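User: I would like to learn how to read a few backbone and packing features. Please go through them one at a time.

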Amino acid sequence: MFKRFLYLILLLCCSASSFAVLKESTKPQKINVYLEQNLPYSGINSNNEALGLYGQYWQSWSSKTGIAVEFDLYSEQDLHHLLSENSPAVYSGLTPPLITDNTINKLGLINVSADFYYFSPLAEKMSQALIERKKSIIVGGLLPEAQQLIVGNNNINYQQYPGLLELLLDLFNNKIEAIVMFNIGPEKSSLMDTLLTQFLKSTSIEGDTNSLFVYLPAEQQVLLEWLQWGNQFSLTNDVAPFFLALNEPWWGTSVDMARNIAIVFAVLLLFIIFSRSKRKKDRQFKDVLDSSPYPLAIFALDGNTLFYLNDEVKSLFPFKKKNKKFIFEEAENQLLLSRFINKASHQTVIDNGLMRLLVNNTFHDIEISAKRIHYQRKTAWLCHLKDVTALLSAEQKLIEERELLRKVLDSIPEQIAFKSPKGSIIGCNTAWAEANHTTVSHATGRSAADMLPIEMLKKQKLQESAVWKGETYNTQEWVSQKKSIDMSLVNITKVPLYNDKGIIFAILTIDNDITALHNLSKQLKDENLQRKETEKELSKQSLLLSTVFDASYDPICLLDDEGRIISANKSFAKLLNSTPDEIIGRLQRDLLSSDRADWAARQNQEVLESGEPLTFEDLIFSGDKKTWYEVHKAPFNDEQSHSKGIIIMARDITAHKLTEEKLNSDASHFEQKMLHDPLTNIANRRAFDEHFERLWQETSSEQEMLSVVMCDIDYFKPYNDNYGHQMGDEALKLIALALHETASKMGCLAARYGGEEFVVIIKGGNATKVLRAVEKLQEAVHQTQVEHLYSEVSRYITVSMGLSSIFPSDLNTMKMLVAEADAALYDAKISGRDQISVHN
C-alpha cells in the first residue's frame, strides 16, 4: 500500500514537471489544420467547415485545449513550406505526402483496428493475405474510401457496399472473400460482432499498426508539445460514436434494398392472405358438400373429368383417382356422362335430367340436377345425383319389410304397442288392438285417450313418467279378462326407444299374460314340496334301513350275480374274521374254504336261476363255540340300476335249540324295544342312562374326556299352540333325526331326554374337537329348515345347547356332569337362544 502511495506521488511530480515546460504564454491562439478532400474522413465544405472523421477529432481537441482550429484544403503543395509559412500549422491525414527529408515530425492520433470475417474454407488464404501478404483478396465494407485505413496492405482490394444485407449476400455468393469492420478505441464485442462470429471466422489487424496521424515541421516543437498535451484527454471516446455510426448503419441495408424487400414482402403477404382466404372458402365449400346427406359431385364442363365427389356419390359408383381428379372405373359410364353434359352445354341449370348409367353391371335411371359454379378458378357443374331405380327398389323393399314386421308383430301373442311423447299410438299388434276393443289400422295414429278409460290412462301416465327419463318399468298385475269373470296375471314391461341422436322418441309397451305360467309354477312348487316330503320320508326310511342294516346283530350280505360282495354288515364280516371294508368288493368263494366255496356257489346259482328264495340251517364253529344259524338266500332285481344278485340273511337259532336260550332271546328282544323312543324312533332316556354309565366306566379306566350336550328346542310351546300338536310331533321327529344322523356319523349317541329336550353324549377328543362336534349338531338342526314363524330368534326352528365336559374320576359323578350341561343350557337360553353355551 505504501509503495502504491509513493508511485502516485512520483507520477504527480512527473506530470507537474512536464506541464511546467508548457507555459500559458507559449500556447497558440489557433492553429491551421490542412485536410485532404477524402470524405468522410476529412473534407471542407463551402463554408470552410471540416467534415468527417478528422473534422470530428479536431473539433473535440479544440474544445478540450481551448485552441482554435482553422481548416484549409491541402492540394499537394510542398508540405514543409506550406506548414512553415502558415505556422502554427499541421497536416492531418491517413498517409503523409512525399517527404524528402527529416524536417517533418509525425504524431499518432487515432488507432483504428480492422476485423475481417470470412467462411472457414478461406482460412488459409486469409492468413496468407493478412499476415504473410502473399495473396490478394477482395473484401467488402460499409465505409467509403476505407482502403486508406488498411495501411500497408496493398494486396487487399476493398469494395464499398451501401448496407450489411448486400454485403452478406455477396459474401454468400463468393463475389467477395471477406467482410471488414473497423473499430476505434478499446475493443468491444458489439452485437454485430457477436452475430457474425456465430457463423463466420474472424481475424483482426490491431490499431497500433493502423493509426491516423498528424504531421508538422520539426522546428514547431512547442506546437508538438501542445498536441501531445491535448491527446491526454482520450479524444478517442468522442470520435468513436461518430465512427460507429458510419461503420454500422442501423438497418444494415441500403434504402433501395429495404424498399425492394418491403415491396416483395407486401406482395407476398397479399398473396398469402388471398390464398388463405381462397383456400378457406374452398375448404368451407368442401365441408358443406362433405356433410351433405345427398349425393353431390362437381363435373368439368365437358363431363370428362370429375373435380369432387362426396361419400354418397362414391357409394353409388366405383371411381378411380388420376392427377387429383376422378373418372368412372367403367368407361361406358364416363362416355354416357360426357354425352349428357355436352347436350346441356348451352344451359346454366339442369333441372331433373334423366340418364342411364351402369350400377353393378345393371343399368339404373339416374336423375341429375345441376348448376354452373366457379370451383378452383374453373367453371364447372355442381350436380345432385339421384339413383331412381335404387330408390324405387329400396321403397319396395321397405314396404315388404314393413309388411313382414306387421306379420311378425301380429303373430306374437303378447300385447305390443308403441306410444309417442304426445300420447298417440305409433303402432301396435293385433293382440293389443283386440284387448282394447279396436283394430290395428284404427288405433295407429290415434291418441290413447280416445281408446282407454281414464283410470287406465292415469295409471299408465304414472308408470311411464320414469320411462321417459330413461328407466325401464316392469311389474305384474292381476287384471280382469275380457268377457270373463276370471282374473289374469299380466306382466307389464315398458322400455324407452332412442333415435340416432340419443333422444327418446317412443315407449315400447309389452303386456304378457303369464297366468298359465304362474299356475304351472305354483303346481310345480306344490309338486316339488310334495316330492321333498316324499324324499324326506324315503330318506328317513333309507336311514332307518341303513341303521338297521348296520346295527343288526344278524349277519346280512348282498352279492351280485357273479358272487361278489357288494355290501355286508359287521356281523357278517365277523363270521369271516374280518371287517366290512376288507370284504366288500371281493368274491365270496375267495373268503371260504374250497369245500364250502363250491357248496355256496351251487346254492347261489340255484337261487339266481330259479328266482326262488332258499332257506337252510348252518352250523358255524368258532374255536370251541358252535353256533346255529338259519340262513335265508333270496334273489333281488333292481329295475332302476338294472342290477341283480342275492341277499343273504343269517339268524342265530342256537336259542331255538335250547329252551332257556330262547327265553333269554325273547327277553333281550323286549329290552331292545324298551330302549327306543316310540315317537322319534331314537334312543330314549333309559338307553341314554345305560350308555352313559357304560361310557363313564370306559373313559374312567382309559382316562379320556366325556362330554354331555343338553339340547332344547327354542319356543316350542308357541309352535305347538299355533301349528298344532301333530305338526309339533313331526317337528320333533325331524330334529331328532337330524341329531341322530349327525351323532351317528361322529360315533356318538343322541337320545330324547324328555318333551322337546334331547341329549348327546360324546366320548374322547379335546375341547376344540368337542366344540366342533356340537357346532355340526347345531348346523344339522339349521339345515332342517322347519318353519317357525312364532319364534323370536329365527323364522325356522332353532335349538339352544349346553355343553359340559369332564374326565371321570372318583372326585366327580355322572349327575354332576349332567347338572353342569343343564346349567350351560340355561345360560344359552337367557343369552338369546339359538347358541351354544359351554360350562367353564
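Analyst: Helices (H or I, at least four residues) and strands (E, at least two) are DSSP runs, numbered from the N terminus. This is a predicted model, in which local features need pLDDT of at least 70, side-chain atom pairs count only at pLDDT 80 or more, and totals for chains, interfaces and linings use all residues. Residues are numbered from 1 along each chain as its sequence is written, and side-chain values use heavy atoms, with hydrogens and water left out.

User: Where is H437, and what is its phi near?

Analyst: Most residues other than glycine have a negative phi, and most peptide bonds are trans. H437 sits in the loop between α13 (430-435) and α14 (440-443), and its phi is near 60 degrees, a positive value.

User: Is H437 buried or exposed?

Analyst: Buried means under 20% relative accessible area, exposed over 50%, and partly exposed in between (1.4 Å probe, protein chains only). H437 has a relative accessible area of 62%, so it is exposed.

User: Which peptide bond is cis?

Analyst: The bond from S87 to P88 is cis, with omega near -5 degrees. P88 belongs to the loop between α3 (79-85) and β3 (89-93).

User: How do α22 and α26 pack?

Analyst: Two packed helices are described by the angle between their axes and the distance between the axes. Axes are lines fitted to C-alpha atoms, for helices over the stretch in contact, and angles run from 0 to 180 degrees between N-to-C directions. For α22 (residues 685-702) and α26 (residues 814-830), the angle is about 115 degrees and the axes are 11 Å apart.
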